[in-house]
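Open the model in your viewer and keep the sequence panel in view. The stops below are given in the order in which to select them.

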Amino acid sequence: MRVRIYIVVVVLFCGLYSSGQSIMDELKAIYVDENQSDSARVDAAIEIANRIYYRDLDSAEAIVNQAKALSLRSNYKYGLARVDGFIGFIHHHRGEYPKAIKFYSKSIQYNLANGFDVERAMDLDNYGTVLSALDDPMAEEAFKESKAIYESKNMEYDLVFVYSHLANFYDKNGATDSALYYFRKANRICKDPRSSASVNLGLSMLYSNIDLLDSSEYYARKLIHVTDVTKDTTILARSFELMAGIKYEKNELDSALYYGNSAFEIYDHLSVMARDQFYRTMSKVHQKLGNHQESYAMMDSALYYLDVTYSKDLRESAFREAIHLELSVENISDSLTYLAESERQELQHILALEKESQTRSVLTVGIVALVVISIIIFIGYRRTTRKNKIILEQKELVDQKNAEREVLIREIHHRVKNNFQIICSVLRLQSGHVDDEKIAEVFEDAINRITSMAQVHDMFYKNDRFVDADPKDYFKNLTRSYKYCQDGREVNYNLNTEVDSLSMDSLISLGLISNELITNSLKHAFRNIEIKPTIDLSLVESPNGIEFSFKDNGPGFDHGSFKVSFGMELIKTMTEQLNGNSEINSESGMKFTLIYPN
């Protein structure tokens, strides 16, 4: 992802730090000087944010929001063409993909309407990168549209990145020939270390995916060489992670361990997705070296980072590797058990021989009786063994059917969630062609409602239980999507969830109700108030059933002018589905209470 620089040229080498600091001081002076024009202050603010975002995202976001306010005040269209895209870029960098998509889409439509083609191409490229991370096939169209704009303007530097992103998309989806085609196009026109790094990284990953390890290692080493010029620690960490994986596949375990330890030293510069792959690789390295405890620790970390990725293929691959580790240890345990059983049987055999030598002095009748008893015991043992074998086979069959049922249920939830995402993508694209703000708002409300239902299916897909789920996690995820009100201020959420589990139907109904109430408060409750916007959400058990309450600290509303909207009709319908009773009042802010039987 890239944010374009409009005021000064980026300082590429660390030796120019003092000059870069001087430019930074000049930018700050322009930004804080109220005698400067709004347009000059906006340009300075965006450039400052561009220089600090990689080390302080929160400060960069605050500066860009102030730049947006200045642009709106003076109707500075060029500033407006850049700020929403930058805000989307910040959410993108945080991994907040739904918010990133929202701001990228808004910026793309604004730039299209006002003729800012270059800015639109940059937003389309970043938008495609987010969609690709979410496995959305619409990413290809975004990349191609960005590519067409850059090609029409002969902007080779930007084309290198678009070609690389498009190649990565094709590589991820198994279209190796198309990926190689675009990587080669990018390689032919890249002329500086930063763009060269993007191409070398992609080619190394592509050749690794098709098991051409020598070629993969060649480009990974070129990537390491690039860091000698750019001094980019993020690229260096990624190159060490790649080399560790390549050396593992070549069975050069000492080298793999060396590069893995080198990556650990600059671990903070690895992305979330790269950390997952890095831990999985190092887990396999330690397993081959016999370091089982370290191997388990690495795989545990890899599974942790799966929670912040969206790729089904990555999840399945990592879980297969984790199961393989468990089976390896089980085999060791089975071997030890077998050895102990052999020793026990050998001891029993020795005792039987001693007993046999003693029984030689016993009368023939005693010997015959002993033989008969031994035969009876042996027959009983054989019958018991046969029964145990049948029981074990039946248990394995039941376990297999349960596993198949679990996979089927997970797949259903996953496909429902994916279908919801496709519907959201279609609605989002359609809303981009609507000029009427009210109609666009209707589209946005529909997307939010669908997303609230998709999050329920996503929870059940990731959950170990399929009958119910923890509502606390759901409400945390839901409120995380509505962090800011319309004027840019952050909303404080107080969550009180004492109910441990709810069914899927109850979660969907409560999710839709919560979505309507939150969006209503963000639109209307916090206008022209100085206090910090606060929303209280509570879900507790009461003598009459389950009590859900919602409250904001806005000024409330006038019952005389209150109108029944589609959102209120939806809330009423969901309340009836829960067989509950609801109440709304506005004595000190808007408060909604719902009680329904458990």
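Begin by selecting E151, which is partly exposed at 31% relative accessibility. This is a predicted model, and every value on the tour is computed from it.

**Stop 1: E151 and K185**

The side chains of E151 and K185 form a salt bridge, with 3.9 Å from N to O. The pair joins distant parts of the chain: E151 sits in helix α7 (residues 139–152) and K185 in helix α9 (residues 176–189), 34 residues apart. Is K185 buried or exposed? K185 has a relative accessible area of 18%, so it counts as buried, the cut-off for that class being under 20%.

**Stop 2: helix α9**

With 14 residues at 1.5 Å a residue, α9 should span 20 Å, and its end C-alpha atoms are 20 Å apart, so the two values agree. Which residues of α9 are buried? They are A179, L180, Y182, F183, K185, A186 and I189. The buried residues of α9 pack against α7, α8 (156–172) and α10 (193–209).

**Stop 3: R120 and D117**

Move to helix α6 (residues 117–133), which holds both R120 and D117. The two are 3 residues apart, about one turn of the helix. They form a salt bridge in which the closest N and O atoms are 3.7 Å apart. The two partners fall into separate accessibility classes: R120 is buried, with a relative accessible area of 10%, whereas D117 is partly exposed at 30%.

**Stop 4**

Next select helix α11 (residues 213–230), where R221 and E217 are 4 residues apart and so separated by about one helical turn. An α-helix has 3.6 residues a turn, so residues three or four places apart point the same way. The closest N and O atoms of the R221 and E217 salt bridge are 2.9 Å apart. E217 is buried, with a relative accessible area of 9%, while R221 is partly exposed at 40%.

**Stop 4**

I375 is partly exposed, with a relative accessible area of 46%.

**Last stop: the whole chain**

Of its 598 residues, 45% count as buried. Among contacts between residues at least 6 apart in sequence, 63% join residues at least 24 apart.

How values were computed. Residues numbered from 1 in each chain as written. Predicted model: local features only at pLDDT ≥ 70, side-chain atom pairs only at ≥ 80, totals over all residues. Heavy atoms only, no water. Salt bridge = Lys/Arg side-chain N within 4 Å of Asp/Glu carboxyl O. Buried < 20%, exposed > 50% of the residue type's maximum accessible area, 1.4 Å probe, protein only. Expected span 1.5 Å × (residues − 1). Contact = heavy atoms within 4.5 Å.
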